[in-house]
Amino acid sequence: MWGLSLHIRIVQTQVRHYLFLISMLMVLWLILRSIKFSIDSLYVSHWLWYFYYVPILFIPMLSVFVAQSLGKSEDFRLPKWTKLLYIPTIIMLLLVLTNDSHQLVFSFPNNILSDDEYRYGIGYLFVLSWELLCAAVSLVLMIKNCRIPHSKKFRFLPLVPFILSLIYVHAYAKKVYWVWVLAGDMTVSQCLIFASIFECCIQCGLIQSNMGYGELFEVTSLPIQITDNSLCTKHISVTMQRAFTQNELHYMQKDTIRLDEDTLLKRHKIRQGWVFWKEDISELNKINKELEITHDELRDIGDVLAAENAQRAKLLKLTEANRLYDIMESQTANQIAMLQELLIKLQHTDDREQAEHILSKVIILGTYIKRRNNLIFVGVQRGSISVQELRLCFNESVENLSLYGVDCSVHINGDRQLTVDQAAQVYDLFEAVVEAEFDSLHALLIFVDVGEQVEVNLCVSGAQSLCNLNAQFPGLEWEQDEDGLQYIIHKSEKLRGL
């Protein structure tokens, strides 16, 4: 009955199993003892005596396991190395059970295998030593776990039966008369003492049990109610104030429901019943309200920061646009000035042929300004200029020169990337030649080779001398043949890896 009560009361699964095994070993010991003294067979009595050592050896070993678990949490598990204790225990048991073949544990002087006349052998010392060692380890662990944490106090209740056990064994060995009269059965007495030791550990709380709900519910601050499977109330804490009726609990479909703004009612299934408890969420609601206020404040701050970032981005965009416009204006200032002069002349001329001539110059200059600025934009966006982009610049300018009446052709070889400065220098050299020969240009041949170096070759048929372009384009080579054709060669620095 005590073993069955342990199975119901003990919370720790591992400890519950060990204690139940100990109780079953006690039952086995009592059964063996009862059978032994109830039969007349010497042979059977002899073997029953040997089988005494199954509980005698395993109860101390299991006591070590239980002592290691004292005061531990519900999910505590013994280290795997503790399983090694089974090895010497089984060896000692086999040593006893095979005693008839070697007589190392018990020897029989008259060669009669009986428990009436025998002597202890050296093997018995090993068996007894192992029993005492397990008992001593259990005692040490128990004393260690009986100490109340952070104090010098002990829980003496579990030690009382242990001390009584030692006193009883000593008195029994000395054959004290009143001990033999009151507790002459060693087996029964030791089983009761062992059960008392473990029961004291349970009562002290060293072994967790599901007892003492009355005291717990008087001191706990948690509103809690325990029911059976039919939702009839079995225990209720003082702070619960009012127990929920069976009908009220029956309509609870979820594990958590809201009773009011600051209170939740929760439930959890337990063995043979349910546990219900109230949870105060007022602090949580307070924190949530503070978080909502903080969220609104952060959202307002975020809106302000977003507006500031938008203004800053707009300002940066305008600043970058102004910078690009300044670059374009500075690099095409001469052409813009020439364009303004031509437009003024166009306003004051009445000659159709002269107006068309001026308009042709305006188109050529406008094309250059547009394409030159486009090179700047592409360079800023991509970091380099492709040969195809440079080819488009020349094609549009050459097309407008052809409309102006100039025989013009352009050839560009290569497919490598150019720097912005290289592309601008090639296109600026072409425009400088056109502007210098504006009124006398008859034909123009352009050849551009984009390789390790950017080499530009121009063949110009015009009346104006182009030798002065050296000042604007350092390193420029110029020569003129007997037919008046001018040849210009310009090589830029080697291309960098892009």
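**Close-up views of a predicted model**

**View 1. A buried glutamate without a salt bridge, E437.** In this predicted model, E437 is buried and yet has no salt bridge, and the nearest side chain of opposite charge, that of K361, is 11 Å away. E437 is found in the loop that runs between helix α17 (420–436) and strand β9 (443–450). When its neighbours within four places in sequence are left aside, the residues in contact with E437 are V460, G462, A463, Q464, S465, L466 and Q486.

**View 2. Packing of helix α1 against helix α2.** Helix α1, comprising residues 2–9, packs with helix α2, comprising residues 13–36, at an angle of about 175°, and the axes of the two helices are 9 Å apart. Because an angle over 145 degrees counts as roughly antiparallel, α1 and α2 are described as roughly antiparallel to each other. On the α1 side the contact is made by W2, G3, L4, L6 and H7, and on the α2 side by R16, L19, F20, S23 and M26. Divided by residue class, the contact of α1 with α2 holds 6 nonpolar residues, 3 polar residues and 1 charged residue.

**View 3. Packing of helix α3 with helix α4.** Helix α3 (residues 42–51) and helix α4 (residues 53–68) pack with their axes 5 Å apart and at an angle of about 5°. Since angles under 35 degrees count as roughly parallel, α3 and α4 are therefore roughly parallel to each other. The residues that meet are W49, Y50 and F51 in α3 and Y53, V54 and P55 in α4. The residues of this contact of α3 with α4 comprise 6 nonpolar, no polar and no charged.

**View 4. Residue L42 in helix α3.** L42 is found in helix α3, and with a relative accessibility of 44% this residue counts as partly exposed. Between L42 and C467, which are 425 residues apart along the chain, the separation of the C-alpha atoms is 140 Å.

View 5. Most residues other than glycine have a negative phi. Q103, however, has a phi near 50°, a positive value in a residue other than glycine, and is found in the loop between α6 (99–102) and β1 (106–107). The relative accessibility of Q103 is 27%, so that this residue counts as partly exposed. L231 likewise has a positive phi, near 70°, and is a residue other than glycine; L231 lies in the loop between β3 (224–227) and β4 (233–236). With a relative accessible area of 12%, L231 is buried.

**View 6. The salt bridge of E261 with K289.** The count of salt bridges comes to 12, and one of the pairs is formed by E261 and K289, whose closest N and O atoms are 3.9 Å apart. E261 lies in the loop between β5 (256–260) and β6 (263–270), whereas K289 lies in helix α13 (residues 282–331), so the pair ties together parts that are 28 residues apart in sequence. At a relative accessibility of 53%, E261 counts as exposed, while K289, at 48%, counts as partly exposed.

**View 7. The salt bridge of E279 with K266.** In the salt bridge that E279 forms with K266, the closest N and O atoms are 2.9 Å apart. This pair links distant parts of the chain, with E279 in strand β7 (residues 273–280) and K266 in strand β6, 13 residues apart. The relative accessibility of E279 is 29%, and E279 therefore counts as partly exposed.

View 8. Because R352 and E356 are 4 residues apart in helix α15 (residues 352–382), they are separated by about one helical turn. R352 is exposed, with a relative accessible area of 65%, whereas E356 is partly exposed, with a relative accessible area of 43%.

Definitions and conventions. Residues numbered from 1 in each chain as written. Predicted model: local features only at pLDDT ≥ 70, side-chain atom pairs only at ≥ 80, totals over all residues. Heavy atoms only, no water. Axes fitted to C-alpha atoms, helices over the stretch in contact; angles between N-to-C directions. Parallel < 35°, antiparallel > 145°, perpendicular 65-115°, else oblique. Contact = heavy atoms within 4.5 Å. Nonpolar A, V, L, I, M, F, W, Y, C, P; charged D, E, K, R; others polar. Buried < 20%, exposed > 50% of the residue type's maximum accessible area, 1.4 Å probe, protein only. Lys, Arg positive; Asp, Glu negative; His and termini not counted. Salt bridge = Lys/Arg side-chain N within 4 Å of Asp/Glu carboxyl O.
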